[in-house]
Structures are given as C-alpha cells and as structure tokens.
Amino acid sequence: MSLIIRIQCNNMNEEKLRPGVETLKSGGTVVFPTETVYGLGADATSDDACMKIFNAKGRPVDNPLIVHFSDISDLDKYTYWSHVAKRKELERLWPGPLTVIVKKKDLICDTASAGLPTVGVRIPDCNFSRELIRRCGSPVAAPSANVSGRPSATSIDHILEELGHRVDIMYSAESPRYGIESTVILPEGNKCTILRPGAYTEEDLLKIFDSVGYARVGEKVMSPGMKYRHYSPEKILFRASPDRILQEIAGKNDLLPIVSTELGEKINGKKLVLGSVKDPISISSNLYKCLRELDRSSHRGGIIEAFPEVGYFVSVMNRVKKASIELE
Ligand code: TXA
Ligand code: MG
C-alpha cells in the first residue's frame, strides 16, 4: 500500500514535501492534487519513471502525458516555448487549468510524449504541488490519477480504490476546485484549436487569439487521448433534458437521477445532486464523484441532466456526453 500524506495546497510543509521529492528524484510515482483533478506524477525526463505511470494506469502507450512545470521560466529549457506567438498572453492564464501543446526538446523523454515531437505543458494551481515539482528539479509528467477509461479522480478515496497498491506516495488535499480536466489547446500563430474543452472556455481564448476552433474527432486524431473511451461509469448512464428525466422516472426507481439542485427539488425519490445551474463550477466539481457513486448504488443505471451547451457548460457536457447515451 502506498504512503498517504495529508496536505493543504496553500500550506508548505518541509517534512511533508521531503518524501515526495525523494520519490520523484529516485524515479518513483507520486499522486498530487491540482485545481482540476488529481495527477499521477513521475519525472518527465526519465523513460523508466514515466513507464511506471503507463503500467499503473493500464494506459495505451500511444497516449502522451501532460508535463507539469513549477515556473514559466523553465519552459524554454524543455520546449520551444519561445516559438509560441501568443506566449505572453497564455502565461497570464497560469497557474491554471490550461495545457498548451508545444514542440518539445530532447530533455523530455519520448515515453512522456508517446513518441510525438510535441508535449502538453501546464502549470497547476496548487502551491504545494508546484513546490514539489520545483524541488524535484525536473518537470513532472502526470495524467489524471485513475485507471484508464474510468472517471478522473477528485478525491484520494477514488485513487485508493483503483491505484492504492500501484503508486509510491499519495498526497491528499481538499477537493479540486473544478473537478474536470484542463483545457488542452494547440496554438498556431494567431489561431488556436481546442483539443479538449476544460475550465478555460472558448470565450476566454477568443480574448487572446483571432480565431478559436475545436478539433473534430474522427477527422484527424490531433490529441491521441480523444480516440479512447473516457470518463465512464461501469453502469449504464443515460442523459436527457429535465422534462424527459421527470417523465422517465415517474413511478419507477431503476434509474438513479444525477441532476442539478434546481431539478432535484422536483424529485422526491433517491437522487444524486451535482450543484446549482447558477454555479457551473459546483456542477463540474461533483460530476466524477457522482459517476462513481452511481457505480456503488443498487440502481440498474443512471440518468443525468443534459445542460444547455453554452460557456463553461460546453466543457461539462463534453464529459457528460462521453460518459452517457442520449435517451431518445
Ligand atoms: O487537468 C489535467 O489536465 C489533468 C491534471 C492532472 O493536470 N491531467 C490530465 O491528463 O487530464 P490526461 O493524461 O488524463 O489527459 C491528457 C490529454 C490526453 O487527451 C492526451 O492525449 C492529450 O492531453 N495530450 C497530451 N500530450 C499531447 C500532445 N503532445 N499532443 C496532443 N495531445 C496531447
Ligand atoms: Mg485522463
């Protein structure tokens, strides 16, 4: 079983940092918190260390890892960051839920980038985790800390269930603010392509780029992770509009509703409440927890509320759609 160390993102503690730093430096694996989801990290310059991540998760080896940095000033050493036209504007979004695809230098190992000439870089918004990366002396490759194909982990309990014996150290902190993964973008001059929607929205990016588009699945696999099954609970999950959900569950209790606070007020029976539609981040922060609770419930399956796809809800619905089937 791995060592679990309880921390707070804003509380630096020498004694608690030390075992994580030593583990990363000696090629081990460390689970650490971020503002999006928990990451499963290893030294991004070591093929052997990064291979441990793929083995622990059962991750296909052609799916590259995101590399986490502590400081913007380190990016040039490991990548061609200086070639990114809009780098100054993008730097202002860090620390934050943004991953930028950039040409890599040789120091980043090929296992981390899955053999690609590029790498996804991100500076996470958790002071403790950034300090851990800083002291490790190398950037830290880290996908979400879940078994491949399962919802990303937003609490240490989820990780214990799945990866407890396959990781060296786990840092447990307060729940991540967003609860869904970072926005992954490919910048090309004044244009940007969103490879994976996330907490930074199209509207945020339009303040920086002249044009912002989405990578279409099937057209060309730009982000290898997009072709794999993702974020799914084990039980069947349908999605439907609020009215359709009320109609479907009337008089029956085989499907567990996963709904907003507002819709939940109209449902008397058992339900899982995500959060208020007036506070989209509360909804995303509870999403994966609810998908895992569905699997633990006695219900045959679930039925989740479909939200109108505008602003931040585009990202929420991206995850909801990958986890569910539309109810006709
Ligand atoms: O919020 C997050 O991004 C979390 C936390 C831990 O930082 N990490 C995360 O990593 O979600 P992961 O590995 O679960 O998702 C990484 C996504 C995958 O879809 C992968 O294919 C894509 O980013 N990606 C990574 N490197 C890439 C590259 N060089 N080119 C295109 N896509 C890349
Ligand atoms: Mg993942």
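Predicted model: local features only at pLDDT ≥ 70, side-chain atom pairs only at ≥ 80, totals over all residues.
Residues are numbered from 1 along each chain as its sequence is written, and side-chain values use heavy atoms, with hydrogens and water left out.

- Domain 1 gives 14 residues to the contact and domain 2 gives ten residues; contact means heavy atoms within 4.5 Å.

**Fold and dimensions**
- Eleven helices and 16 strands make up the count for the protein chain. Both are DSSP runs: helices are H or I with at least four residues, strands E with at least two.
- The radius of gyration of the protein chain is 20 Å, close to the 20 Å from the globule rule for 328 residues, so the chain is as compact as a globular protein of that length. The radius is taken over C-alpha atoms, and the rule is 2.2 Å times the number of residues to the power 0.38.
- Along the principal axes, the C-alpha atoms fill a box of roughly 60 × 50 × 35 Å.

**Packing**
- Of the 328 residues in the protein chain, 58% are buried, meaning under 20% relative accessible area with a 1.4 Å probe, protein chains only.
- Among contacts with a separation of 6 or more, 68% join residues 24 or more positions apart.

Note on methods. Chains lettered and ligands numbered in written order. Buried < 20%, exposed > 50% of the residue type's maximum accessible area, 1.4 Å probe, protein only.
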